[in-house]
Amino acid sequence: MNNNVKLLDHALVDLGQSEVEESPLFQVDTEFLGDDFTRVHSVSNTSIPLTIDFLNDGIEVHLGGASEVFSWGRDYLEKRSDEVLKILTLLLVSNIQVVSHGDSYKKFVFKEASTNKVLKEVKVFDGFLVNPFKKCEQLFPAIIRSPESARSDGRM
């Protein structure tokens, strides 16, 4: 398993969860498993599809069908691993609203699960044209929900 997986392990453990290899929230892709490269997928049917590629040279986060929503190189990971950990935690505990206009543009809005307060927005352009007639909005629940947010959503 790639050494950079330890950052996701750290985020999971800080949230009271098991590390990736033991976690029921993630599946390690055995076709892409090794010291040089490890791919991990979220397994929730209700949360946003999340794939994280761990490479020797960095980490790439693919979210909701968009490639490299977050991408960090080796130097960034060495100097700012605490910031990467914050983003990984944000990915795990936020409700995520996706606003898309066709396949070329997606906006991801990370919201606090209990209050719906906007924590971060990321825009991804995967092409040249934005189709205003193909607007679609979806709200995905957090991968890791606190008991309080699950109760307020009516899920417990």
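**Close-up views of a predicted model**

**View 1. Asn116, a residue in a loop.** Asn116 sits in the loop that links E7 and E8. Keep in mind here, and in every view below, that this is a predicted model. Although Asn116 is not a glycine, its phi is positive, near 70 degrees. That's worth a look, since most residues other than glycine have a negative phi. Asn116 comes out as partly exposed, because its relative accessible area is 40%. The hairpin around Asn116 has five residues between its strands, E7 and E8.

View 2. On one side, E7 runs antiparallel to strand E6 (residues 94-101), and eight bridges join the two. Look for Gln97, whose bridge partner in E7 is Val109. E6 and E7 make a hairpin with three residues between them, and Gly102 in that turn has a positive phi of about 70 degrees. E7 also pairs with strand E8 (residues 118-125), again in the antiparallel sense, this time over seven bridges. Here you can find Tyr105 standing opposite Phe125 of E8.

**View 3. The open sheet, from E1 to E5.** Five strands make up this open sheet, in the order E1-E2-E3-E4-E5, with antiparallel pairing. Which strands stand at the edges? They're E1 (26-33) and E5 (66-73); each has a single partner strand, so one side of each is left without a neighbour in the sheet. Going from one strand to the next, the twist averages 20 degrees.

**View 4. E3 and E4, with a helix packed on the sheet.** Zooming in on the sheet, strand E3 (residues 50-55) and strand E4 (residues 58-63) pair in the antiparallel sense, with six bridges between them.

View 5. Helix H1 (residues 5-14) lies across E1, strand E2 (37-42), E3 and E4. Compared with E3, H1 runs at about 135 degrees. Which residues of H1 are buried? They are Val5, Leu7, Leu8, Asp9, Ala11 and Leu12. These buried residues pack against E1, E2, E3 and E4, and also against helix H2 (74-79) and H3. After H1 comes Gly16, which has a positive phi, near 80 degrees.

View 6. Ser42 is part of strand E2. Is Ser42 buried or exposed? It counts as buried, because its relative accessibility is 14%. If you set aside neighbours within four places in sequence, Ser42 is in contact with Leu25, Phe26, Ile48, Pro49, Leu50 and Ile143.

**View 7. Glu68, a positive phi within a strand.** Back in the sheet, Glu68 has its place in strand E5. Glu68 isn't a glycine, yet its phi is positive, at about 50 degrees. With a relative accessible area of 42%, Glu68 is partly exposed.

Methods:
Residues are numbered from 1 along each chain as its sequence is written. This is a predicted model: local features need pLDDT of at least 70, side-chain atom pairs count only at pLDDT 80 or more; totals for chains, interfaces and linings use all residues. Side-chain values use heavy atoms; hydrogens and water are left out. Two strands pair if DSSP finds at least two bridges between them. Helices (H or I, at least four residues) and strands (E, at least two) are DSSP runs, numbered from the N terminus. Axes are lines fitted to C-alpha atoms, for helices over the stretch in contact, and angles run from 0 to 180 degrees between N-to-C directions. Contact means heavy atoms within 4.5 Å. Buried means under 20% relative accessible area, exposed over 50%, partly exposed in between (1.4 Å probe, protein chains only).
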